[in-house]
Amino acid sequence: MIALYPGSFDPFTYGHLDILERAASLFTKVVVTVAVNTRKASVFTADERVQMIRDCIKDKPWADRVEVNHFTGLLVNHANEVGAHTLIRGVRQVSDFEYEFRMALMNRRLAPNVDTVFLMPREELTFVSATLVKEVAYWGGDLTHFLPESIARKLLDRVRNPDA
Ligand code: PNS
């Protein structure tokens, strides 16, 4: 069974990696898909985000069952394109759930053959978000516990030289 794991992934954190690992243990194939959202400013381009995710999972034992791509438009259309009937979303705390619940129901109304499965990350990652990690990076904080090293380096470079 194919699952689609969508997100902004700007950048991909250890929280995302934890959810992906869990999804890969439940589904035979997982497609990680980066949202190209022109309505939301991102630090990294979609292509950069795709490449960073590929780099950080390439040595995982399940890497051959995971594909990484990007999408524009409605997520459910992309789910149907890749043949996925399941969307994966990570929920860290109850406050995430209200928005996720509405989005899952909207997606199911748009595509009744597509359901959402919620997964929880390890407890110690429940406070990690891409937004807070970027805040820590802007102010020069230690990113070791939040991001794979290669991604942390790229984020620090980008916040120091936003136009490079
Ligand atoms: O990591 P994020 O930013 O929480 O991911 C949100 C994302 C990209 C999954 C969501 O905004 C999305 O699916 N956007 C594409 C448009 C769409 O289909 N929205 C849901 C139905 S209105």
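Predicted model: local features only at pLDDT ≥ 70, side-chain atom pairs only at ≥ 80, totals over all residues.
Trainee: Where does Phe9 sit?
Mentor: Phe9 is in the loop between β1 and α1.

Trainee: Okay, back to Phe9. Is its phi positive or negative?
Mentor: Positive, at about 50°, even though Phe9 isn't a glycine. Most residues other than glycine have a negative phi, and most peptide bonds are trans.

Trainee: Speaking of peptide bonds, which residues does the cis one join?
Mentor: Asp10 and Pro11, with omega about 5°.

Trainee: New topic, the ligand. Which residues surround it?
Mentor: Going by a heavy atom within 4 Å, the shell is made of Gly7, Ser8, Ala35, Lys40, Phe71, Gly73, Leu74, Leu75, Arg89, Met103, Met106 and Asn107.

Trainee: Which element gives the largest share of that shell?
Mentor: Helix α4, residues 94-110, with three residues.

Trainee: How many of the shell residues are nonpolar, polar or charged?
Mentor: Six are nonpolar, four polar and two charged. Here Ala, Val, Leu, Ile, Met, Phe, Trp, Tyr, Cys and Pro count as nonpolar, Asp, Glu, Lys and Arg as charged, and the others, Gly among them, as polar.

Trainee: What about polar contacts? Start with Lys40: how far is an N or O atom of its side chain from a ligand oxygen?
Mentor: 3.0 Å. A polar contact is a pair of N or O atoms within 3.5 Å. Arg89 also uses a side-chain N or O atom, 2.9 Å from an oxygen of the ligand.

Trainee: And Leu75, is it side chain or backbone there?
Mentor: Backbone: a polar backbone atom of Leu75 lies 2.8 Å from a ligand oxygen.

Trainee: How much of the ligand does the protein bury?
Mentor: 72% of the 550 Å² that the ligand exposes when taken alone. Those areas come from the Shrake-Rupley method with a 1.4 Å probe.

How values were computed:
Residues numbered from 1 in each chain as written. Heavy atoms only, no water. Polar contact = N/O pair within 3.5 Å; in protein donor to acceptor, adjacent residues only side chain to side chain. Helix = DSSP H or I, 4+ residues; strand = E, 2+ residues; numbered from the N terminus.
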